[in-house]
Amino acid sequence: MANRQELEITGVGHPQPFPHAVKIGNMVFTSGVDPIDPATGKVPEGIEEQSRILFQNIRTIMTQAGGSPANIGQVTLYMQDPVQRQAVNKYWIEMFPGEHDRPARKTLKFDFGAASGILVQAQFIAVV
């Protein structure tokens with residue numbers, strides 16, 4: 001079995017017994033990447049700011065893995081309200097500007113529960 005390298009986002013703790021992501025060989029697999037602001041440790045209000053922070057956290061994981069967003073092959077987005085995907089798409093296009101050079105993506109409705117404040121989360125697979 002290959003050795004796992006755990007990847008964590010500094011300032012974004014979570015009480016679960018698993019890491020934000022792992023790198024095995026040249027593959028990167030994530031748990032749910034939350035829109036928690038590393039500077040405050042909190043989930044900001046609103047889909048716009050959560051989307052910005054989410055993509056910042058994705059970039060952080062890829063940098064730790066020795067890659068960049070260009071190495072991401074597949075993304076699954078979980079949204080409280082998929083009708084709000086335009087806010088997410090703004091940062092998606094910013095991260096993946098090439099119209100014919102973007103990862104595969106699936107967007108699913110998911111109830112995070114009102115207490116979490118989370119409106120969007122991502123999970124992805126990359127090759128570095």
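## Gln121 and its surroundings

In this predicted model, Gln121 is in contact with Gly32, Val33, Asp34, Leu54, Thr76, Leu77, Tyr78 and Phe112, once its neighbours within four places in sequence are left aside. Gln121 belongs to strand E6, which covers residues 120-127, and its side chain is joined to that of Asp34 by a polar contact of 2.6 Å.

Because its relative accessibility is 16% and the cut-off for a buried residue is under 20%, Gln121 counts as buried.

## Helix H1

Leu54, one of the residues in contact with Gln121, is also among the buried residues of helix H1, as are Ile47, Gln50, Ser51, Ile53, Phe55, Asn57, Ile58, Ile61 and Met62. The helix itself runs over residues 47-64, and its 18 residues reach 26 Å from the first C-alpha to the last, close to the 26 Å expected at 1.5 Å a residue. After H1 comes Gly66, which has a positive phi, near 85 degrees.

The buried residues of H1 pack against strands E1 (4-7), E2 (21-24), E3 (27-30) and E4 (72-79), and also against helix H2 (85-95) and strand E6.

## The nonpolar core

The largest nonpolar core has 28 residues, of which Leu54, Phe55, Ile58, Ile61, Ile72 and Phe124 touch the most other members. At least two residues of this core are supplied by each of H1, E4, H2 and E6, and H1 gives the most, with 6 residues.

Ile58, leaving aside its neighbours within four places in sequence, is in contact with Val33, Ile72, Met95, Ala122 and Phe124; Val33 is likewise on the list of residues in contact with Gln121.

Notes:
Residues are numbered from 1 along each chain as its sequence is written. This is a predicted model: local features need pLDDT of at least 70, side-chain atom pairs count only at pLDDT 80 or more; totals for chains, interfaces and linings use all residues. Side-chain values use heavy atoms; hydrogens and water are left out. Helices (H or I, at least four residues) and strands (E, at least two) are DSSP runs, numbered from the N terminus. Buried means under 20% relative accessible area, exposed over 50%, partly exposed in between (1.4 Å probe, protein chains only). A polar contact is a pair of N or O atoms within 3.5 Å; within protein, one must be able to donate a hydrogen and the other to accept it, and residues adjacent in sequence count only if both atoms are side-chain atoms. Contact means heavy atoms within 4.5 Å. The expected span of a helix is 1.5 Å times one less than its number of residues. A nonpolar core is a set of buried Ala, Val, Leu, Ile, Met, Phe, Trp, Tyr and Cys residues joined through side-chain atoms within 4.5 Å.
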